[in-house]
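Me: I have a structure open and want to go through it with you. Can we take it piece by piece?

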Amino acid sequence: MRACVVGAGPGGIVSAKVLLENGFDVTVFDKYQQVGGTWSAGGCYDGLANQASRRLFEFADLPNRLHFAGAVDTQRYLENYAAAFGVLDRVRPGTEVVSIRPVEGAGRVGASGWWIDSRPAGEKTAEAQRERFDYVVVASGAHHHAHLPELPGRESFRGTVLHSNEVRAGTCAGRRVVVVGGGKSALDLITRAAHEATSATLVQRKVNWMVPERLLLGLVGYKWILFTRFGEALLPRYHDPACIRSIDRIDERVKRALWWLITRDMLFSTGLYRLPKHLRPARALPFHLAHAGVMPRGYVRAVRRGLIAPKVSAVEAYTEQGLRLVTGEEVAADVIVFATGHHKVFPFLDPRVPVHDSAGRLRLYRGIVPPDADRLAFVGFRQVFNNIMGMELTAHWLTRHFRTTLRTTPSEQEMREAIDARLAWQEQVLPGSGGYDFGPYDIHCADELLHDMGLPSHRAGNLLAEYLLPGGLAHRYAGLTRSNGVAGRGTT
């Protein structure tokens with residue numbers, strides 16, 4: 001069983017590891033020279049830092065003691081993992097996949113396998129090499145195809161325009177920098193620019209909620225609150241009835257009262273309460289909690305000291321000197337950085353395999369497989385806050401899917417209906433998620449995949465630990481390869 005994995009980021013290497021343990025012959029293609037994807041030297045903006053506190057950014061079979069680590073240390077952990085489980089020997093670095101198309105044959109698309117065309121990365125005139133694989137896992141990452149807004153007047157602006165992906169050391173030094181965006185990367189970059197640039201201006205349409213490193217007046221690490229079953233029970237109810245427990249049926253009045261307290265604690269613990277009201281989120285939690293990142297250290301302090309000039313407005317157009325906002329205000333810049341997200345697209349995939357709907361939302365069953373293609377799966381597009389654990393569980397699920405050992409195998413129509421129901425729920429609870437972001441539902445997402453695999457979702461030895469201690473942690477899910485009847489090496 002030959003399996004191709006596209007991408008050697010976290011999702012790619014854990015998929016390769018699980019597939020190898022289950023007897024697949026695996027080849028991993030990656031355009032970078034290092035494994036790690038976004039965390040590799042060529043894949044991240046300067047200053048990218050991990051949002052995970054200790055024991056969050058780790059796979060089940062290799063503990064990681066790093067705490068809010070930088071990109072270099074994070075990449076080193078991923079490379080050590082790939083080496084420890086025989087994945088590194090299966091990687092073809094510096095190799096770009098340019099085409100994935102089904103082998104023609106009887107039955108559904110992909111039933112006879114897939115053709116993969118690849119060539120050396122960056123060499124667009126090189127002849128592609130074609131190989132046939134039985135199975136394909138797309139783990140190409142959700143943060144590589146930059147989204148830049150189309151604004152009038154670009155030809156008039158004489159400065160530099162970049163997407164956040166393109167920011168490198170020295171980009172901001174001694175220049176007037178404007179960062180457009182309100183997410184984690186935007187706040188990371190503007191905080192760095194505050195100490196390097198001659199001026200640093202942040203333009204955001206709205207102020208997003210950010211998660212502090214420590215909650216409860218700055219006393220308790222966020223994982224002890226947000227990564228528990230009790231914490232998730234305060235969210236709007238998950239869409240899959242199979243994952244609903246009694247605790248998830250907490251009275252809505254109790255939820256509202258607790259979120260009132262959490263909202264105020266978030267304002268205090270992030271430091272946002274010290275900023276003017278227009279620089280705080282306009283709506284109470286849990287609204288848009290799915291879009292929250294961890295608050296960068298020093299952001300609030302830099303705003304209060306006047307090192308960052310925040311503007312809450314949309315951008316209207318370029319000018320000769322910088323940008324014009326919809327308020328009519330003009331902002332001068334030498335460098336404009338758009339931290340405006342990414343397209344979740346797959347330009348190498350045959351158009352006979354549609355994975356988006358007309359609104360651009362991903363249509364994947366469980367966020368993993370397209371309903372109308374066989375032997376094809378996606379990893380990393382079932383995004384949860386602690387996405388590395390979600391990727392590992394996805395790898396186990398898709399391996400069982402390939403081997404037809406899931407507890408149930410839904411029909412194509414049942415997959416479509418499940419996708420429709422889940423997208424409707426996401427639009428209501430996680431607006432703007434694009435069918436990709438499952439937000440802070442780490443444990444519910446894990447329960448759903450475990451239920452499909454016929455494995456127990458209770459992962460602790462007693463009720464207090466099950467409901468009040470952090471549950472969205474990888475080490476709780478160790479040994480899943482053995483539970484499938486495969487004697488995998490490296491499992492614990």
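Me: Where do R76 and D73 lie?
Reply: Both are in helix 2, residues 71–84. They sit 3 residues apart, about one turn of the helix.

Me: What about a pair from separate parts of the chain?
Reply: Take E131 and R92, whose side chains form a salt bridge at 2.6 Å, N to O. E131 belongs to strand 6 (residues 129–133) and R92 to strand 3 (residues 91–92), so the pair ties together parts that are 39 residues apart in sequence.

Me: Which of those is buried, and which is partly exposed?
Reply: E131 is buried, at 10% relative accessible area. R92 is partly exposed, at 28%. The cut-off for buried is under 20%.

Me: What does R366 pair with?
Reply: With D240, in a salt bridge of 3.7 Å from N to O. R366 is in the loop between strand 17 (335–338) and strand 18 (376–378), and D240 is in the loop between helix 5 (229–233) and helix 6, so the pair ties together parts that are 126 residues apart in sequence.

Me: Are those two buried or exposed?
Reply: R366 and D240 are both buried. For R366 the relative accessible area is 15%.

Me: What is the phi of R366?
Reply: Positive, about 60 degrees, although R366 is not a glycine. Most residues other than glycine have a negative phi.

Me: Which other residue has a positive phi without being a glycine?
Reply: L217 is one, with a phi of about 60 degrees. L217 is in the loop between strand 11 (214–215) and strand 12 (220–221). It is exposed, with 53% relative accessible area.

Me: Which surface patch includes L217?
Reply: A nonpolar one of about 510 Å², made by L216, L217, L219, F268 and Y273. F268 comes from helix 6, residues 252–270, and counts as partly exposed at 39% relative accessibility.

Me: Where is there a cis peptide bond?
Reply: Between L285 and P286, with omega at about 10 degrees. P286 is in the loop between helix 6 and helix 7 (299–304).

Me: Back to salt bridges. How many does the structure hold?
Reply: There are 34 salt bridges. R108, D372, D374, E412 and R416 are linked in a network of them.

Me: Now the inside. How many residues are in the largest nonpolar core?
Reply: It has 114 residues. Those with the most contacts inside it are I13, L19, V26, V179, Y299, W397 and L398. Helix 8 (residues 387–402) gives the most to this core, with 8 residues. Apart from it lies another core of 23 residues, including C4, W114, V353 and L362.

Me: What is V179 in contact with?
Reply: Leaving aside neighbours within four places in sequence, V179 contacts A186, L189, I190, T201, L202, V203, V337 and A339.

Me: And V5, where does that lie?
Reply: V5 is in strand 1, residues 2–6. At 0% relative accessibility, V5 counts as buried.

Me: What does V5 touch?
Reply: Not counting residues up to four places away in sequence, V5 touches G12, A16, L19, V26, T27, V28, F29, V137 and A139. The C-alpha atoms of V5 and V136 are separated by 5.9 Å, and these residues are 131 apart along the chain.

Me: Last topic, confidence. What is the mean pLDDT of the chain?
Reply: The mean is 92, and 98% of the residues reach 70 or more.

Me: Where does pLDDT stay under 50?
Reply: Over residues 487–492, for which the model has 16 contacts beyond four places in sequence. Where pLDDT is low, the predicted coordinates should not be read in detail.

How values were computed. Residues numbered from 1 in each chain as written. Predicted model: local features only at pLDDT ≥ 70, side-chain atom pairs only at ≥ 80, totals over all residues. Heavy atoms only, no water. pLDDT = per-residue confidence, 0-100. Contact = heavy atoms within 4.5 Å. Patch = residues over 30% accessible without salt bridge, like charges linked within 9 Å, V, L, I, M, F, W, Y side chains within 5 Å. Areas by Shrake-Rupley, 256 points an atom, 1.4 Å probe, with all protein chains shown as cover. Salt bridge = Lys/Arg side-chain N within 4 Å of Asp/Glu carboxyl O. Helix = DSSP H or I, 4+ residues; strand = E, 2+ residues; numbered from the N terminus. Buried < 20%, exposed > 50% of the residue type's maximum accessible area, 1.4 Å probe, protein only. Core = buried A, V, L, I, M, F, W, Y, C linked by side-chain atoms within 4.5 Å.
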